[in-house]
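Subject: Structure for you to look at

Hello,

Here is the structure I said I would pass on. Please open it next to this message and follow the residues as they come up.

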Amino acid sequence: MSRIGKLAIKLGDKTKAVVAGQQVNFEGPKGKLSVKLPGKVKVEIKDGQVTVQRADDSREARSLHGLTRTILANAAKGVSTGFEKKLDIRGVGFRAEVKGKAIHFALGYSHPVVFDLPEGVTAEVDKTARTEDSLPTVGLTLRSADKEVLGATAVNIRSLRPPEPYKGKGIKYSEERIRRKEGKTGTT
């Protein structure tokens, strides 16, 4: 039996879950999410708890058991409390501004970069710029109920200007550590 798959998912006070065929619909204060279930997994909802069972002991059913439970747990947490991802924009003159459903970046290119946010993702720019390693740093916080869409959005924003190893300029995750390289020494 899967150690992760056999654990029950506790639903919050204001969170509801409904099984409709091969789909589980979650509804809570942060929004609505629906998760499509694979054919070899069954879901039951009792007393505010969601349990996942597999149909048989085939290799495919065993591999999907824990995965399905984790996806359902992420959906339940997302609609009740939500997820957030923090990014740092480091560099002289690097800025970000949220305008409606788009983020306008100044990333050292000859043109401004406009990034359209997907549905369900909100962004907030930290107004207080701080200095790390003599580079000004601006914080960007992304929030969403869907963990998968939030992670994909953060990856796409980071790819606009990945951090470089010499000075550390670019867009990075807040918890990410950049492996720094030593520059030219200039000795003869």
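Arg158 is partly exposed, with a relative accessible area of 22%. In this predicted model, Arg158 makes a salt bridge to Glu176, with the closest N and O atoms 2.7 Å apart. Arg158 belongs to helix 2 and Glu176 to the segment after strand 14, so the pair links distant parts of the chain, 18 residues apart.

The whole structure holds 6 salt bridges. Another one joins the side chains of Glu84 and Arg143, at 3.1 Å from N to O. Since Glu84 is in strand 7 and Arg143 in strand 13, this pair ties together parts 59 residues apart in sequence. Glu84 is partly exposed at 41% relative accessible area, and Arg143 is partly exposed at 32%.

Lys172 lies in strand 14 and Asp88 in strand 7, so parts 84 residues apart in sequence are tied together. Lys172 and Asp88 are both buried.

Next, the nonpolar residues. The largest nonpolar core has 22 residues, and those touching the most other members are Ile89, Ile103, Phe105, Leu140, Leu142 and Ile157. Among the elements that each supply at least two residues of this core are strand 7, strand 13 and helix 2. Another core, of 18 residues, lies apart from it and includes Ile9 and Val50.

Finally, the rings. The search found 0 aromatic pairs. Lys85 lies over the face of Tyr173, 5.1 Å from the ring centre, and Arg161 lies over the face of Tyr109, at 4.7 Å.

Regards

Methods
Residues numbered from 1 in each chain as written. Predicted model: local features only at pLDDT ≥ 70, side-chain atom pairs only at ≥ 80, totals over all residues. Heavy atoms only, no water. Phe/Tyr/Trp six-rings, centres within 6.5 Å; stacked < 30°, edge-to-face > 60°. Lys NZ or Arg CZ within 6 Å of the ring centre and 35° of its normal. Core = buried A, V, L, I, M, F, W, Y, C linked by side-chain atoms within 4.5 Å. Buried < 20%, exposed > 50% of the residue type's maximum accessible area, 1.4 Å probe, protein only. Helix = DSSP H or I, 4+ residues; strand = E, 2+ residues; numbered from the N terminus. Salt bridge = Lys/Arg side-chain N within 4 Å of Asp/Glu carboxyl O.
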